[in-house]
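The sequence and structure come first.

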Amino acid sequence: MKELSLHMLDITQNSIRAKAKLVKLVIIESAENNEITTIIEDDGCGIPADRLQKITDPFVTTRTTRKVGLGLSLFKAAAEACGGYFEISSTVGVGTKVVANFRRDHIDCAPVGNMADTILTMVMSFGETDLYYQHDYNNQQFVFNTREIKETLEVESLNEPEILNWIREHVKEGLEEIMEEKIYGKVLSRTKSDSRKEIERT
Ligand SMILES: Nc1ncnc2c1ncn2[C@@H]1O[C@H](COP(=O)(O)OP(=O)(O)O)[C@@H](O)[C@H]1O
Ligand SMILES: [Mg+2]
């Protein structure tokens, strides 16, 4: 059973290959609706309409190194196997959006997985591309935005050991906070100066 985070990491790599400048990853977990929805949206090259229809067929790929494209078809199969749905939409020159929905209590529904490590891996592998990550957990929300962090720190790249360490802890703590059941209805939004102070402390 594959963790959802591994699927998401794989899908964002398509966006990187499509030369996206910004990748948006939104995860919505709702106990009330018994759903997990993941949305991955990019501003990359897009997919022509005639290819889009066939794109979740495991034999469709534009790669030349191997003939079978699997990322999208595996993610679609995972969603559908646990009573959810999968949608992909794309416009050439605008970008691509992939939505996967899962029944949270379905016996085959994989856990979301370790998002702190996944976000770290994305930041390290994205190069110039920015990441906007939003995670809604019941009524609480955590947002992580590399553009904002670069602005705050006045740096071009986050690929520095001390920044990467801070990112991992920041995401880990932020997620722990929204998943903490005691704090109800409070929306977590860290200000720029909060991030600044925390980084200076490390
Ligand atoms: N975000 C995207 N932007 C542009 N093209 C994409 C995107 N995602 C997928 N594609 C196209 O769909 C094909 C299949 O993707 P995927 O199922 O992940 O398999 P693979 O990445 O192994 O080719 C890719 O080769 C690419 O041509
Ligand atoms: Mg792929």
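Just after helix H1, Lys19 has a positive phi of about 65°. Helices (H or I, at least four residues) and strands (E, at least two) are DSSP runs, numbered from the N terminus. This is a predicted model, in which local features need pLDDT of at least 70, side-chain atom pairs count only at pLDDT 80 or more, and totals for chains, interfaces and linings use all residues. Residues are numbered from 1 along each chain as its sequence is written, and chains are lettered from A and ligands numbered from 1 in the order in which they are written.

The table sets out the two helices; the expected span is 1.5 Å times one less than the number of residues.

| Helix | Residues | End-to-end C-alpha distance | Expected span |
|---|---|---|---|
| H6 | 19 residues | 27 Å | 27 Å |

A residue is buried if 20 or more other C-beta atoms, placed from the backbone, lie within 10 Å of its own, exposed if 12 or fewer, and partly exposed in between. In H1 the buried residues include Leu4, His7, Met8 and Ile11. The buried residues of H1 fall within an arc of 160° seen down its axis, so they line one face of the helix; the arc is that of the directions from the axis to the C-beta atoms.

Trp166, Ile167, His170, Val171, Gly174 and Leu175 are the buried residues of H6. They cover an arc of only 155°, which puts them on the same side of H6. Pro161, Glu162 and Glu176, on the other side, are exposed.
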